[in-house]
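Please look at the sequence and the model before reading on.

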Amino acid sequence: MICLRCGGCCHNLDIFVVNPDRIREDGSIDPHDPDSMIMKPSGKKCPHLFFQAGPDGSGVETAVCSIHHLPCYQGSPCQQFEQMGPEDDVCMMSDYFRKLDDRKRSRLTLF
Ligand code: SF4
Ligand code: SF4
């Protein structure tokens with residue numbers, strides 16, 4: 001699956017993520033610490049997610065995971081998460097999440 005770096009899954013999924021307050025200096029977490037992982041509910045932005053301008057200068061921002069390179073990310077639910085669809089095709093969920101957000105926004109405008 002080719003990730004478009006939209007950040008949709010890091011915002012819209014219920015998922016356990018690494019607790020930012022429990023990351024040790026070497027980038028790891030204590031696997032025996034029950035507070036090393038926290039629940040990130042659907043609709044809430046992950047504390048590790050940020051956006052930055054793409055290298056092409058178009059002004060389009062891409063999602064970045066601030067812990068992707070750290071040892072604590074290894075073995076996490078995010079690292080093990082596999083999207084549906086062919087390996088060499090773009091992520092199908094990106095479009096779905098975008099439409100979901102559009103619908104939520106139009107509902108807010110209506111009421
Ligand atoms: S929804 Fe798909 S394209 Fe968007 S960040 Fe997640 S994996 Fe990548
Ligand atoms: S930890 Fe990284 S990959 Fe997982 S939800 Fe947060 S930003 Fe996304």
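## Basis of the description

The model is predicted, and local features need pLDDT of at least 70, side-chain atom pairs count only at pLDDT 80 or more, and totals for chains, interfaces and linings use all residues. Residues are numbered from 1 along each chain as its sequence is written, while chains are lettered from A and ligands numbered from 1 in the order in which they are written.

## Overall fold

The protein chain contains three helices and four strands, where helices (H or I, at least four residues) and strands (E, at least two) are DSSP runs numbered from the N terminus. Their order from the N terminus is α-β-β-β-β-α-α. The C-alpha trace spans about 45 × 35 × 30 Å along its principal axes.

Two residues are in contact if their C-beta atoms, placed from the backbone, lie within 7 Å. Among contacts between residues at least 6 apart in sequence, 57% join residues at least 24 apart.

## Burial and core

A residue counts as buried if 20 or more other C-beta atoms lie within 10 Å of its own, as exposed if 12 or fewer do, and as partly exposed in between, with C-beta atoms placed from the backbone. Of the 111 residues of the protein chain, 13% are buried.

The largest nonpolar core has nine residues: C10, V17, V18, I29, C46, I67, C72, Y73 and C78. Such a core is a set of buried Ala, Val, Leu, Ile, Met, Phe, Trp, Tyr and Cys residues joined through C-beta atoms within 7 Å. Leaving aside residues up to four places away in sequence, C46 touches C10, V17 and K40.

## Ligand shells

A residue is near a ligand if its C-beta atom, placed from the backbone, lies within 6 Å of it. Ligand 1 is surrounded by 13 residues, the closest being C3, C6, G8, C9 and C91. The elements giving two or more residues to this shell are α1 (8–12) and α3 (93–110); α3 provides the largest share, three residues. By class, the shell has eight nonpolar, four polar and one charged residues. Here Ala, Val, Leu, Ile, Met, Phe, Trp, Tyr, Cys and Pro count as nonpolar, Asp, Glu, Lys and Arg as charged, and the others, Gly among them, as polar.

Around ligand 2 lie C10, I15, V17, C46, H48, L49, C65, I67 and C78. This shell has eight nonpolar residues, one polar and no charged.

## A backbone feature

R5 has a positive phi of about 60°, although it is not a glycine. R5 lies in the segment before α1. It is partly exposed, with 18 other C-beta atoms within 10 Å.
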